[in-house]
Amino acid sequence: MRTGYLSFWATLTLMLATANSLPAAAEDSGHWHGLSVLVATDKKVAKVDDRADHTLYLTEYDGAVYNGDGKPFLDKARYQVVALVDTAVTPRGGYKTFTEADGSKVFAKYTVTEAKMPDVRGTFEFTGGTGKYEGITGNGTFHDVFVSDKAAWDELVGEYKIPTAVAGTASKN
């Protein structure tokens, strides 16, 4: 009888050890529909004398985004944008940062493809992340509507992929 119990526990221990050494899923991926509001917090303007009407603008926005599909990816996250405009250069663009409550961040760069105020449309690409979003990739489109010179709403639609850590390896978080 004792041998039967020992065999059972040895088998169970081996099964658990084997399960813990199996790799996790290769990645987490999905569709994202982000809805946000942004407020301009800082704006810098500089004139450049090399040609007529050459101006540089740097505008910072701060706001919040939630997942319009009710999924956990970037739901109720802080959303910050740095917009760069050089009137002598096209395309125009900037950078987006999303920060979740646990401190995990997603970084993106964006390009404006159409600007007919108050509507601005463009594309974005996820360029990296921290915490649970380390190694994120993906892309999509955005549509901003400026409701005043300081406030806008932004709709983001895209796809993302997040590589997951292999079980049993040290996490970089």
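Q: Which residues does aspartate 69 contact, leaving aside its neighbours within four places in sequence?
A: His31 and His33. Contact means heavy atoms within 4.5 Å.

Q: What kind of model is this, and how are residues numbered?
A: This is a predicted model: local features need pLDDT of at least 70, side-chain atom pairs count only at pLDDT 80 or more, and totals for chains, interfaces and linings use all residues. Residues are numbered from 1 along each chain as its sequence is written, and side-chain values use heavy atoms, with hydrogens and water left out.

Q: Where is aspartate 69 found?
A: In the loop between β2 (54–67) and β3. Strands are DSSP runs (E, at least two residues), numbered from the N terminus.

Q: Switching to β4. Why is it largely enclosed?
A: Because 6 of the 7 residues of β4 (93–99) are buried.

Q: How many bridges join β3 to β4?
A: 7, and the strands run antiparallel. Pairing takes at least two DSSP bridges between two strands. Leucine 84 has glycine 93 in β4 as its bridge partner. A hairpin of 6 residues joins β3 to β4.

Q: And how many bridges between β4 and β5?
A: 7, antiparallel, with β5 at residues 105–116. Threonine 99 has lysine 105 as its bridge partner.

Q: Which residue takes a positive phi in that hairpin?
A: Glycine 103, near 95 degrees. The hairpin has 5 residues between the strands.

How values were computed. Buried < 20%, exposed > 50% of the residue type's maximum accessible area, 1.4 Å probe, protein only. Helix = DSSP H or I, 4+ residues; strand = E, 2+ residues; numbered from the N terminus.
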